[in-house]
Amino acid sequence: MAKNTQNLSSNARLLKAKASKHAIYGVIIALLAIVFGTVGVAFVQSSTITVDTLVAAQANNMALWVLNAMPFVFAFWGQYVSSLIAFEASAMVVDQTSDLRAQTVALEAEMTRHATHDQLTGLPNRILLKDRLGQGILRAAQSKTRLAVLIMDIDRFKEINEAMGPYNGDRLLKQVATRLQSAAHESETIARLGGDEYAVVIPNLAQPRDVSQVVKRIEKTLEVPFMLEGLKLDVRASMGIAFYPEHGTDADTLMQRADVAMYAAKRNRAGFLVYSPKYDEYSPQRLTLMGELRHAIENNELILHYQPKVDLKTGVIDEVEVLVRWNHPKYDLMYPDEFIPLAERTGLIKPLTMWVLNHALSQCTRWRNEGLTLGVAVNLSAQVLFDLDLPDIIAGALAAHDVASERLILEITETTIMVDKDRALQILSRLSDMGIRIAIDDFGTGYSSLSYLSKMPVDEIKIDKSFVLDMHENKSNAVIVRATIELGHNLGMSVIGEGVEDAGMLAQLRALGCDAAQGYYLTKPLPSDEFTAWLVTTQSQGALKVEAGKVQLKGIPADTA
Ligand code: C2E
Ligand code: MG
Ligand code: MG
């Protein structure tokens, strides 16, 4: 900026000098005109040129008087014009300087904003949040009040991002930010920490329980479905909360503990949790889990649980879903939601799935040898489905365990298919041609349409448990279940309801024409020996009969219709 001002001043000086130079030329020309004029007049008047005739010419000729005034006129004009230029130039300098100053101030403000705000959402970033949290802690310490840090993470954001593309992922992050901002009170700071993580600093809390009002506000603002590409998205989030002074007296500790609580909430599907030391295991250890998971696959620390699916027309159970668990040496039994995403992120999902597939098929053979005809349904993640070798690998595994391909069902979510529809169609067609059945899992939670899926070789749709579970109370869920059953049937697919927890749900599904049901009402997923024992016990209670390898739940048609 100083350089620009300097340039302007020297340009002004240059112009002023030019104006003065032209004024001097004017003066010289005027003087020459006086000299020549006087000589000319003297010669015309007296035919001689002497000092006397020159003086006489000057004294008597009025034109020469006018000419005599010219040098003064030029000198004055030169001075006047150069002063005018100097004045205008300095006004320009002032104008430009204040312009440049304003630009610099705006630029500096923009740079500060970049450093302290998230580019995508415009919300304060982690740096500004920490600063505000630090100030909040100081004020809370002075006023002896309580402060809370809430960290929120969108559930299944990775899937949304993968299915709908990063552009839509970003749009969702922006929409969430806007909603959070409009739901926040003036005293609260909302920030985006990165990825799909947001934070809220809540000052002046009288009681720890007052934070639940903020949680409710956030939950309510996310309740209304989000619209992306004309699709309605239900977005849920997990939240973790830490309080000053109970859980920490500095910004770093409070944020780390809110983060731990958030992961615990996610793991427990609790919605939100307040930090407790018992959740500490959920955080830094998450990283070491990765190494341990590889070890677990190689050392058979994984175990499989089996959950039956019952045919609602015949009562026959001829299929079980295979659900993996991790018998972790330090933590108790770990559920797939805790380690499948980790396996997917680290490429361990392929060896894990092969482990599951081989053990499931071997169990299938064992049951057959025990006289039980049961098919196995294995869940597949995107990375596994999109492996072009998958059909050959599966063909090899079926041959190795001597299991007929009709006994294998592969469960794939809609979201997985939408990651790459063409490739999905290619691989699913090959699998289907081999006689393997394909089921769409968690139907209704993804972002596809039934009409699109109708192009895929799909045999079965599994209506997500979130619709089935509250079919009684939630009329719109009941409508979704009914419509899915009808549409599925129209497309030649069989429909199964997940999450059937009581006889009422079973009866309702049956009345709606649903083909099969799965859920805690029959049994929770059980390890193979317990599952076989369940069959025996249930049979001894008269609820099941097993004839010629066929397991049949008695009384389904009569009792529940
Ligand atoms: P999913 O395939 O939809 O499995 C059904 C889940 O619902 C299971 O949870 C099961 O325990 C639960 N469930 C069954 N009946 C009921 C009920 O009546 N009420 C309620 N509230 N829940 C019920 P789980 O075992 O925790 O599995 C969660 C998810 O993990 C599975 O969802 C599946 O997507 C994934 N998963 C499990 N095993 C594997 C695997 O071997 N490979 C892959 N890629 N994913 C797996
Ligand atoms: Mg499944
Ligand atoms: Mg499911």
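**Close-up 1. Helices α10 and α12 pack with their axes within 10 Å, crossing at roughly 30°.** Helix α12 spans residues 390-400. Because angles under 35 degrees count as roughly parallel, α10 is roughly parallel to α12. α10 passes α12 in a right-handed crossing (the near helix is turned clockwise from the far one by less than a right angle). Axes are lines fitted to C-alpha atoms over the stretch in contact, with angles from 0 to 180 degrees between N-to-C directions. The model is predicted: local features need pLDDT of at least 70, side-chain atom pairs pLDDT 80 or more, while totals for chains, interfaces and linings use all residues. Residues are numbered from 1 along each chain, chains are lettered from A and ligands numbered from 1 as written, and side-chain values use heavy atoms without hydrogens or water.

**Close-up 2. Polar contacts of ligand 1 (N or O pairs within 3.5 Å) include Glu321, Val324 and Lys465.** The Glu321 side chain places an N or O atom 2.8 Å from a ligand oxygen. A polar backbone atom of Val324 lies 3.2 Å from a ligand nitrogen. Lys465 brings a polar side-chain atom to 2.9 Å from a ligand oxygen. The protein buries 89% of the 800 Å² that ligand 1 exposes alone (Shrake-Rupley, 1.4 Å probe).

**Close-up 3. The shell around ligand 1 holds 25 residues (a heavy atom within 4 Å).** Glu321, Arg325, Asp441, Glu501 and Tyr520 come nearest. Elements giving two or more residues include β10 (319-327), α9 (336-346) and α10 (349-369). Helices (H or I, at least four residues) and strands (E, at least two) are DSSP runs, numbered from the N terminus. β10 gives the most, 4 residues.

How values were computed
A polar contact is a pair of N or O atoms within 3.5 Å; within protein, one must be able to donate a hydrogen and the other to accept it, and residues adjacent in sequence count only if both atoms are side-chain atoms. Angles under 35 degrees count as roughly parallel, over 145 as roughly antiparallel, 65 to 115 as roughly perpendicular and the rest as oblique.
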